[in-house]
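Good morning, and thank you for coming. I would ask you to keep the sequence and the structure in view while I speak.

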Amino acid sequence: MKKFIALLIAGAFAASLLPGTASADSAVTRIKDIARVQGVRSNQLMGYGLVVGLNGTGDSNKSTETIQSIVNMLKSYGVSVNQSTLKADNVAAVMVTATLPPFVREGDTIDVTVSSLGDADSIQGGTLLQTPLRAGNGNVYAVAQGAVSTGGFMAGRGGGSGSTATKNFPTVGMTPNGAIVERTVEDDLGTDGSLSLSLSNPDFTTASRIASAINSQYGGIAKAANPGRIDISVPAYYRNNVVGFVSSIEELPVMPDHAAKIVVNERTGTIVMGGDVSVDEVAITQGGLSIKVQKNRNASQPDPFSYGTTIVTRNTDVRVKEDKASTIVLPATANISDIVGALNAVGATPRDTISILQAIKASGALHAELQII
């Protein structure tokens, strides 16, 4: 089966590289797919709150933070309670997280994720009380409140009182559009007459090609500051329409470049190779040693009328077989189908291929980065 998978992968690679099967501009992509405008990003928000209205599936009295939070909340409404007699099984302490997208304004709503903090069995059907959501700088940017939906359930009670049935994770839920944005993050896009692009995968050649593509369209307004950033001066006639300028840049075609790389997953035997992987001439020998151990049981019967007993003995049979090694000379090539085809010619399975690639890399004949995950 592994050999079949390896042959299938090799065939797919070879087919993708046959003449006429791929156009010359197949690697051309839009700038927006490999780069983004600096400053246009999301921000993480987080807050601590309470979910109420649970049907006995909330935190136990062992969760002191929940008890204290209930007492503090009631105290803010002028209600005085005895903390020692308070039961919290209908309430759960939760952490509320959300992502604040760029360019949202006050009054917009965003989704929030509600996660149990204590020992609640389920927060399904509960209501999240008003929870301020803060960013890393400590400022409140949104306030969350609303019904919690977990998309799962927990039936029965544990603790020796009976069996339970659980679907999904009833201690984590969502509140769609549950947070109202109270403060926005100022996004000064091109107001100073300049903006920058950040590459998803920094590369000198790709950055230079992006700058050249922009300059060929608008003149000398772009400069590759480093492999991951391109600085752009907004033309005067676009100062009042920065969005339209960015949109026109994002649609420009460019051919990205990248270093040759082979990614290997040893747990699953998955190998992904780039089409520009090359090797020098190298000889590969692949052989195997097979050891088979068998345990046999034999019964020893006593002679008739000897008053003996039957004795069962165990014999161990060890057989060693060394397969004949296969050797193939791999010529210098830049074609990935030749590499995979040569490895399959020696009967290499995906895991054998991983070991062979590591050995080729160690010998210095493989001109690519070998990344093992």
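Let me begin with a question: how many bridges join strand E5 to strand E10, and do they run parallel or antiparallel? Six bridges join E5, residues 109-116, to E10, residues 172-181, and the two strands run antiparallel. Before I go further, please note that this is a predicted model.

Let us stay with these strands.

As a general rule, most residues other than glycine have a negative phi. Phe103 is not a glycine, yet its phi is positive, at about 70°. Phe103 sits in the loop between E4 and E5. With a relative accessibility of 42%, Phe103 counts as partly exposed, because that class lies between the limits of 20% and 50%. The other residue is Asn177, also not a glycine, with a positive phi of about 50°. Asn177 belongs to strand E10.

I turn now to the chain as a whole. Its secondary structure comes to six helices and 23 strands. Of the 373 residues in the chain, 33% are buried. Among contacts between residues at least 6 apart in sequence, 69% join residues at least 24 apart.

In soluble globular proteins, nonpolar side chains tend to be buried together. Here, the largest nonpolar core has 24 residues, and those touching the most other members are Ile31, Leu197, Ile210, Ile214, Ile230, Ile232 and Phe245. Which elements each supply at least two residues of this core? They are strand E2 (35-37), strand E11 (194-199), helix H3 (204-218), strand E13 (229-233) and helix H4 (242-250). Helix H3 gives the most, with five residues. Take Ile31 as an example: leaving out residues up to four places away in sequence, Ile31 touches Leu197, Ile210, Ile214, Ile249, Glu250, Leu252 and Val254. There is also a second, separate core of 23 residues, and among its members are Ala92, Leu128, Leu133 and Ala144.

Let us move to the aromatic rings. A pair of aromatic rings is described by the distance of the centres and the angle of the planes. The structure holds four aromatic pairs. In one of them, the rings of Tyr237 and Tyr238 have centres 5.2 Å apart and planes at 45°; the pair is therefore tilted, as this angle falls between the limits of 30 and 60 degrees. Tyr238 also pairs with Phe245, and that pair is tilted too, with 5.2 Å from centre to centre and 45° between the planes. Ring pairs link Tyr218, Tyr237, Tyr238 and Phe245 into a cluster.

Thr150 is found between strand E7 (140-147) and strand E8 (153-155). Why does Thr150 count as buried? The reason is its relative accessibility of 11%, which is under the limit of 20%. The side chain of Thr150 makes a polar contact of 2.4 Å with the side chain of Gln124. Apart from its neighbours within four places in sequence, Thr150 is in contact with Ile123, Gln124, Phe169, Pro170, Val172 and Gly173.

I close with strand E15, residues 261-265, which pairs in the parallel sense with strand E23, residues 369-372, over four bridges. E15 is also joined by four bridges to strand E16, residues 270-273, and these two run antiparallel.

Thank you for your attention.

Definitions and conventions
Residues are numbered from 1 along each chain as its sequence is written. This is a predicted model: local features need pLDDT of at least 70, side-chain atom pairs count only at pLDDT 80 or more; totals for chains, interfaces and linings use all residues. Side-chain values use heavy atoms; hydrogens and water are left out. Rings of Phe, Tyr and Trp (its six-membered ring) pair if their centres lie within 6.5 Å; planes under 30 degrees apart count as stacked, over 60 as edge-to-face and the rest as tilted. Two strands pair if DSSP finds at least two bridges between them. Buried means under 20% relative accessible area, exposed over 50%, partly exposed in between (1.4 Å probe, protein chains only). A polar contact is a pair of N or O atoms within 3.5 Å; within protein, one must be able to donate a hydrogen and the other to accept it, and residues adjacent in sequence count only if both atoms are side-chain atoms. Contact means heavy atoms within 4.5 Å. A nonpolar core is a set of buried Ala, Val, Leu, Ile, Met, Phe, Trp, Tyr and Cys residues joined through side-chain atoms within 4.5 Å.
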